[in-house]
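Please read it with the structure open.

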Amino acid sequence: MDSLTFLHSSDWQLGMMRRFLGPDGQARWGQARLDAVARIGEVAERTGAAFVAVTGDVFEHNQVERQTILRACEALKRIPVPVVLLPGNHDALEPGSLWTSSQWSAHAPDHVTVLTETTPFQILPGVEILGAPWRSRRPLSDPAAPGYADLTADPSKIRILLAHGQLTSLSGGMSDVPPIDQAALEAAVADGRLQYVGLGDRHSTTRVTDRIWFSGTQEVTSPEEDAPGNVLKVTIAGDSINVEPIRVGAWHMVDHRVELFDEESITALEDWFAELPDKERTYVRLAGDGSLSLPLLARLDSIIDAQGEVFASVERWAKFWTVRPAPDAADLESLQLSGPARAAMEELRQALAGGDESAGAALSLMHRLARDAG
């Protein structure tokens with residue numbers, strides 16, 4: 001074969017929940033993950049890809065709802081070339097696996113193959129796919145090794161290894177399962193046993209070497225991901241290889257850090273929100289520090305609440321949200337409270353002076369409610 005082009009994807013995690021999006025945002029984001037799968041089919045058709053390989057975690061877990069499986073099968077039908085799926089840690093080949101369920105077997109498209117063994121799978125004449133499916137969520141050794149154990153070089157074949165797991169060089173040794181032996185993979189590529197290694201588990205598109213790549217997830221799942229939402233177009237021609245990320249995702253998840261001390265900083269945050277595109281498909285996690293008068297704090301609350309209605313979701317990042325109320329006497333007197341309400345205000349003011357920051361939040365809320373009522 002003079003040249004081979006195929007697509008590499010991973011970590012679809014269909015059925016994943018993101019509570020911070022709320023019911024409406026969750027439903028739209030869940031559908032977007034399926035839409036991205038369908039767009040992979042469009043990329044396959046446009047690029048002339050011979051097949052699509054998905055390196056693990058097709059589903060979020062083995063107990064996803066029947067609807068999720070059926071909708072996944074419909075999305076797979078929109079990919080016009082053979083599809084090879086590798087079970088990963090989320091959808092491992094363990095007892096009760098969805099891959100052996102009646103729902104999957106009854107509805108899986110005929111052009112979809114699930115790699116349940118490590119036996120080489122000839123997808124095209126002269127092209128073999130080697131798989132290392134996960135058989136439990138806690139493997140005891142290198143999860144990629146079974147896919148190419150005892151393999152010898154064969155110049156007449158293009159061999160592609162599909163594996164799932166972390167590399168120590170990228171995980172920082174923090175993984176709670178054995179990592180993939182990167183040196184062994186590189187050696188298998190260098191001596192010609194493998195022509196490409198497609199990895200899954202890392203959600204950001206990541207080049208390890210010219211021939212070893214993490215594709216990343218098809219649609220963003222967290223603000224920490226720096227390059228999600230891609231499918232890899234892989235072209236092998238003789239001794240050369242070209243890997244090109246092609247975007248298929250439509251959503252964005254962003255962190256934004258702000259210093260809030262005055263009206264100008266509030267206006268700057270408002271302008272930042274206004275300039276962001278695709279608001280209905282964007283989740284924003286705000287980290288903030290500073291101190292604001294009660295009117296400015298009330299304005300900030302109003303801005304965040306309003307933007308939360310426009311964006312998929314906007315939330316204060318509790319771990320890094322330290323914007324403190326700084327009420328002055330004029331702020332509090334402007335409320336013109338009397339009776340029990342004024343007594344409560346004075347009690348909260350004394351608590352704030354004593355270092356109780358929750359009292360400041362309560363004062364801010366009181367100021368906002370009084371302002372809105374007026």
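This is a predicted model: local features need pLDDT of at least 70, side-chain atom pairs count only at pLDDT 80 or more; totals for chains, interfaces and linings use all residues.

1. The protein chain is assigned two domains, with domain 1 spanning 4–247 and domain 2 spanning 252–373. Their C-alpha centres are 43 Å apart.

2. The two domains touch through 10 residues of domain 1 and 11 residues of domain 2. About 880 Å² is buried between domain 1 and domain 2, and carbon and sulfur atoms account for 59% of that area. On the domain 1 side, the residues that lose the most area to domain 2 are Phe20, Arg28 and Pro223, which together make up 56% of what that side buries.

3. How many salt bridges cross the interface of domain 1 and domain 2? The rule finds 1. Elsewhere in the list of side-chain pairs, Glu224 and Arg285 form a salt bridge, with N to O at 2.7 Å. Polar contact across the interface of domain 1 and domain 2 involves 3 residue pairs, both residues of each at pLDDT 80 or more.

4. Asp142 sits in the loop that joins strand E6 (127–131) to strand E7 (158–164). Is Asp142 buried or exposed? Asp142 counts as buried, because its relative accessibility is 15% and the cut-off for buried is under 20%.

5. What does Asp142 contact beyond its neighbours within four places in sequence? The contacts are Pro178, Pro179, Ile180 and Asp181. The Asp142 side chain reaches two backbone nitrogens: that of Ala144 at 2.9 Å and that of Asp181 at 3.2 Å. Pro245, by contrast, is 103 residues from Asp142 in sequence and 27 Å from Asp142 in space, C-alpha to C-alpha.

6. Asp150 is also in the loop between E6 and E7. Its relative accessible area is 79%, so Asp150 is exposed. The backbone of Asp150 deserves a look: phi is positive, about 65°, although the residue is not a glycine. Most residues other than glycine have a negative phi.

7. Asp201 also has a positive phi, about 115°, and is not a glycine. Where is Asp201 found? Asp201 lies in the loop between strand E8 (196–200) and strand E9 (206–209). Asp201 counts as partly exposed because its relative accessibility is 21%.

How values were computed
Residues are numbered from 1 along each chain as its sequence is written. Side-chain values use heavy atoms; hydrogens and water are left out. Domain bounds come from an automatic or database domain assignment. Contact means heavy atoms within 4.5 Å. Buried area is the accessible area (1.4 Å probe) that two parts lose on being put together, summed over both. A salt bridge is a side-chain nitrogen of Lys or Arg within 4 Å of a carboxyl oxygen of Asp or Glu. A polar contact is a pair of N or O atoms within 3.5 Å; within protein, one must be able to donate a hydrogen and the other to accept it, and residues adjacent in sequence count only if both atoms are side-chain atoms. Helices (H or I, at least four residues) and strands (E, at least two) are DSSP runs, numbered from the N terminus. Buried means under 20% relative accessible area, exposed over 50%, partly exposed in between (1.4 Å probe, protein chains only).
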